[in-house]
Amino acid sequence: MQTIAFDVGSIRRDFPVLDQIVDGKPLVYLDSAASSQKPTQVIEAISRYYLRDHANVHRGVHELARRATEAYENSRARVARWLNATDAHEVVWTRGTSEALNLVAFSLGEGLGPGDEIVVSEMEHHSNLVPWQLLARRKGARLRLASLTDDGRLDLGHLASLLGARTRVVSLAHVSNALGTINPVSGIGALVRERSDAVFILDGAQGAPHLPIDVQALGCDFYAFSGHKMCGPTGIGGLWGRKALLEEMPPYQGGGEMIERVYRDYSTWAEVPHKFEAGTPNIAGAVGLAAAVDYLEAVGLDAIHEHEMSLTRRALALLSEVEGLRILGPAEVEARAGVLPFVIEGTSAQDVATILDAQGIAVRAGHHCAQLVVDRYGVTATCRASFYLYNSDEEVDRLAAGVRTASEVLLC
Ligand code: PMP
């Protein structure tokens with residue numbers, strides 16, 4: 001794979017959506033943690049697929065069915081290489097991170113019972129909390145939550161104290177969408193293995209788009225991710241899982257594609273990963289996600305991370321000068337991704353976001369599907385600016401100027 005020199009100007013030309021005027025001001029898109037924009041290369045890959053190759057996969061013998069199946073399975077192999085999986089069959093396509101985590105909670109969860117313990121943390125997105133609450137209810141298992149430190153990190157001492165012989169599942173965010181914290185997941189994986197026989201799951205929704213991922217080095221058993229946050233289309237994502245575990249797990253949904261043989265009162269299952277892919281899949285989505293992986297790897301995930309750290313460093317310095325502004329999450333740039341949640345004390349996050357919108361600056365305000373996080377830090381909502389490879393220093397400067405204006409307007 002040829003790596004291209006990191007140049008924000010040329011990267012931005014790959015994202016036509018960024019080049020537009022909103023309310024008379026050039027758009028500044030700082031909401032990539034919610035969903036990223038898509039480069040022309042991804043849009044064209046999807047369009048080429050529909051223009052030439054589309055048919056249903058796996059069942060047909062005709063030319064288009066063959067091409068569609070090849071495109072779909074080659075995309076799986078591409079995603080597996082990106083994750084450094086040992087086998088392409090360890091990648092299950094899902095609609096995204098939420099479905100991937102629900103799949104594991106439902107299917108792996110079938111083996112849990114009363115007395116078993118599931119460990120998550122107060123940092124989790126609702127997608128990595130509610131499925132475990134549902135499972136705990138269904139099976140009479142106990143859900144335990146690791147607490148957070150005042151500076152927005154996992155309290156590793158508390159987490160360690162929750163692990164033991166009863167722990168069956170540990171499921172944690174790789175990177176927090178509400179704090180920006182990058183969790184030290186390899187070390188946590190070692191701790192989980194040392195203290196328990198639990199299965200270790202990572203919610204990679206905010207990790208996969210921004211950091212080089214090597215599932216073998218991370219030491220996890222499952223890794224969930226969403227295409228739309230990493231320059232790919234919506235409605236596609238995946239679950240990487242260790243093959244031995246996937247093979248033991250029962251199906252998650254029934255239907256076509258996932259069976260080997262159907263009898264009157266029972267069925268046998270297709271091989272992994274097809275056992276987990278009932279129904280006609282999102283073929284164009286898989287093609288688009290593989291094109292997104294090609295794009296991100298050509299730019300280089302190390303370079304993308306470096307760039308985001310540089311934007312975050314600049315934003316932390318500029319925003320710390322704004323009166324009444326409080327930033328959530330670790331103070332050290334090295335411990336955080338390009339996700340910057342902040343509040344201006346005495347103002348509503350919604351009002352700040354609305355004032356920024358009037359200046360063409362798109363940020364998100366709310367609890368960011370992590371209500372336990374805002375509860376923990378004593379606020380009801382935060383404003384969240386999130387950076388990606390296509391954001392520039394000038395955009396960070398516009399954010400800082402906009403936040404200063406919001407502070408002046410709202411605190412006067
Ligand atoms: N986990 C985290 C940390 C997230 O940021 C998100 C998306 N905001 C999700 C899970 C859910 O992802 P999706 O909506 O793509 O399923």
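Q: Why is Thr181 called buried?
A: This is a predicted model, and in it Thr181 has a relative accessible area of 1%. Buried means under 20%, so Thr181 counts as buried.

Q: Where is Thr181, and what is it in contact with?
A: Thr181 sits in the loop between strand 7 (167-173) and helix 7 (185-195). Leaving aside neighbours within four places in sequence, Thr181 is in contact with Met123, Gly152, Arg153, His174, Val175, Ser176, Pro330, Ala335 and Arg336. Each of these counts as a contact because heavy atoms lie within 4.5 Å.

Q: What makes one side of helix 7 its buried face?
A: In helix 7, Val185, Ile188, Gly189, Leu191 and Val192 are buried. Seen down the axis, these buried residues fall within an arc of 160 degrees, so they line one face of helix 7. The face turned away from them carries the exposed residues Gly187, Arg193 and Glu194.

Q: What covers the buried residues of helix 7?
A: The cover includes helix 6 (156-162), strand 7, strand 8 (199-203) and helix 8 (215-218).

Q: How do you know that the buried residues of helix 2 are on the same side?
A: Val42, Ala45, Ile46, Tyr49 and Asp53 are buried in helix 2. They cover an arc of only 95 degrees around the axis, which puts them on the same side of helix 2. On the other side, Leu51 and Arg52 are exposed. The buried residues pack against helix 3 (63-83) and helix 10 (283-299).

Q: How does the span of helix 2 compare with the one expected?
A: Helix 2 (residues 40-53) has 14 residues and reaches 19 Å from its first C-alpha to its last. At 1.5 Å a residue, 20 Å is expected, so the two values are close.

Q: And what is the span of helix 11?
A: Helix 11 (residues 301-319), with 19 residues, reaches 26 Å, close to the expected 27 Å. Its buried residues, among them Leu301, Ile304, His305 and Met309, pack against partners including helix 1 (8-13), helix 3, helix 10 and helix 14 (393-411).

Q: Which residues surround the ligand?
A: The ligand is surrounded by Thr97, Ser98, His125, Ser127, Asn177, Asp203, Ala205, Gln206, Ser226, His228 and Lys229.

Q: What are the distances from the ligand to the side chains of Ser98, Asp203 and Lys229?
A: A ligand oxygen atom is 2.7 Å from an N or O atom in the side chain of Ser98. Taken alone the ligand exposes 400 Å², and the protein buries 85% of that.

Technical notes:
Residues are numbered from 1 along each chain as its sequence is written. This is a predicted model: local features need pLDDT of at least 70, side-chain atom pairs count only at pLDDT 80 or more; totals for chains, interfaces and linings use all residues. Side-chain values use heavy atoms; hydrogens and water are left out. Helices (H or I, at least four residues) and strands (E, at least two) are DSSP runs, numbered from the N terminus. Buried means under 20% relative accessible area, exposed over 50%, partly exposed in between (1.4 Å probe, protein chains only). The arc is that of the directions from the helix axis to the C-beta atoms. A residue is near a molecule or strand if one of its heavy atoms lies within 4 Å of it. A polar contact is a pair of N or O atoms within 3.5 Å; within protein, one must be able to donate a hydrogen and the other to accept it, and residues adjacent in sequence count only if both atoms are side-chain atoms. Accessible areas come from the Shrake-Rupley method with a 1.4 Å probe; for residues, only the protein chains shown count as cover.
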